[in-house]
Amino acid sequence: MVTYASIRVFKSFVILALVLGFMPLAAFRDMPDMLVLFETRGMDLAALAGIIILSSVAAELIIKGARRRGKDGFNGLLLSLIIATNAAFLIHWQVGMFTKLEEVVLQILCFFGATSALWIVASQNVMRFPGMVRRVVIVGNGAMAEDMMQLVKSSNGRYELRDYIECRPGQFSDSDQDPDNPVTMDILNRAKKLKAHKIVVSLSERRGAFPLQEVLSCKLSGMEVLDAPGFYEQVNRKLMLENITPSWFIFAQGFRITGLRRVVKRVLDIVLSLFGLMLVGPFLPIVALFIKLDSRGPALFKQVRVGRADREFLIYKFRTMRCDAEKDCGAVWSDKNDSRITRLGNFLRKTRIDELPQLFNVLTGEMSLVGPRPERPEFVRDLKKIIPYYSERHFVKPGITGWAQVRYPYGSSVEDSIEKLRYDLYYIKNYTLLLDFRIMFATVAVMARKMGR
């Protein structure tokens, strides 16, 4: 399913491409002229990309009260183009920027409008395109099969349940696994007739109920065969912890962050955190001043958290609670409407501004920009006893933001920790640099949306 987040990511990549100078090639007659112009007016093009980004965010905030997706998309696009055009004209009028680039600016704005409009239309009608809806046949029994059927129905049209084939315990013995037996080919024939893309094996009771030869025939015929945890992961972008065994972790694809990937991720952490500090550095003293004026106590707050390999470290944040918040109660979960949170602290938490000092933790190597959020040692000790596989989230560095943070609302209970662990382990299993950038873009969108409320 195409979501608002994916549309924002698409726009962001288009804008990055514009900054690099690849998209407006049609505006130049030959490559040497393009290179010279980009070299001499690269800052102007970067400024234009910034105007488009800010205009898109402003438009989204202005129409955030509307709920109809299609109307929001086109209204937001039109409004962002109007804002960007007027902003570019105003800057040109005041400081003379974009001189001799008027045609290029117009072409870039038109290109952005056209591609965004096409993306909106495509996202609204994506399920009508041939092959976009995946046809599913569920093979199984019991509650797990029912859960998978419900999962298909709640997938917002991405998947279509074409058939349910029940496999009763004891139905298949060793002698039944004969490929020449016409009974064993029934699943394959039914799946072919329905043009199924996926066979989801969901067995609550496996003894004598697994049609081995039939499922193998489906796989060799080109259909994708998944078990229940695999299908759950594919649909929800998180892991099905209840039906995962230690052997599943061993044999599952993923969970391999190699040395080269760690080096590249570390280099990006250093570069992007330095760039982030350059951008927000001038505003950090202002935030600190407001915190001091809002409530008594220091502006910065440090706390022990658990990082990679269960090593403890000091995390830095802007203070959002009263100084005596844990004087009587000790370490307790923080609630969304926690009375210990100050007036300004509530805003800082919603917008994630309180996390900005952790850029220093990233520079020192204790954290990464993206990863599971670090928890307090007191909570980690308890959660390890309650939640299976909780320790596995500590095989990577914790992050300022993460997959759980952009996919799940604020949590403050054991149940919320279980749900966030599903997303954290999904991130570790499917880690790529592209996923990191997707999370970063989504985090910026969350911050901008919260500021508009």
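In this predicted model, Arg-373 and Glu-355 are joined by a salt bridge (a side-chain nitrogen of Lys or Arg within 4 Å of a carboxyl oxygen of Asp or Glu), with 3.0 Å between the closest N and O atoms. The two residues lie in distant parts of the chain, 18 residues apart: Arg-373 belongs to the loop between β7 and α14, and Glu-355 to the loop between α12 (343-351) and α13. Helices (H or I, at least four residues) and strands (E, at least two) are DSSP runs, numbered from the N terminus. Arg-373 counts as buried at 13% relative accessibility, and Glu-355 is buried at 11%; buried means under 20% relative accessible area, exposed over 50%, and partly exposed in between (1.4 Å probe, protein chains only).

The structure holds 15 salt bridges. In one of them, the side chains of Arg-190 and Asp-163 meet at 2.9 Å, N to O. Because Arg-190 lies in helix α6 (residues 186-193) and Asp-163 in strand β2 (residues 159-166), this pair ties together parts that are 27 residues apart in sequence. Arg-190 is partly exposed at 30% relative accessibility, whereas Asp-163 is buried at 17%. A further salt bridge joins Asp-310 and Lys-384 at 3.2 Å, N to O. Asp-310 is in the loop between β5 and β6, and Lys-384 is in helix α14, 74 residues apart. A network of salt bridges links Lys-238, Glu-242, Glu-419 and Arg-422.

Strands β5 (residues 300-306) and β6 (residues 312-318) pair in the antiparallel sense over seven bridges; two strands pair if DSSP finds at least two bridges between them. Leu-300 stands opposite Phe-318 in β6. The two strands form a hairpin with five residues between them, and Ala-309 in the turn has a positive phi of about 60°. Val-306, found in strand β5, is buried at 5% relative accessibility. Val-306 and Pro-374 are 68 residues apart in sequence, but their C-alpha atoms are 5.7 Å apart in space. Beyond neighbours within four places in sequence, Val-306 has contacts (heavy atoms within 4.5 Å) with residues including Pro-374, Val-380, His-394 and Pro-398.

The interior was examined next. A nonpolar core is a set of buried Ala, Val, Leu, Ile, Met, Phe, Trp, Tyr and Cys residues joined through side-chain atoms within 4.5 Å. The largest such core has 35 residues, and those with the most contacts inside it are Leu-239, Trp-403, Leu-425 and Tyr-427. Helix α16 (414-429) is among the elements that supply at least two residues each, and its six residues are the largest share of this core. Apart from it lies another core, of 16 residues, among them Leu-151, Val-152, Tyr-159 and Tyr-232.

Overall, the protein chain contains 17 helices and eight strands. Of its 453 residues, 44% count as buried. Among contacts between residues at least 6 apart in sequence, 74% join residues at least 24 apart.

Residues are numbered from 1 along each chain as its sequence is written. Local features need pLDDT of at least 70, side-chain atom pairs count only at pLDDT 80 or more, and totals for chains, interfaces and linings use all residues, while side-chain values use heavy atoms, with hydrogens and water left out.
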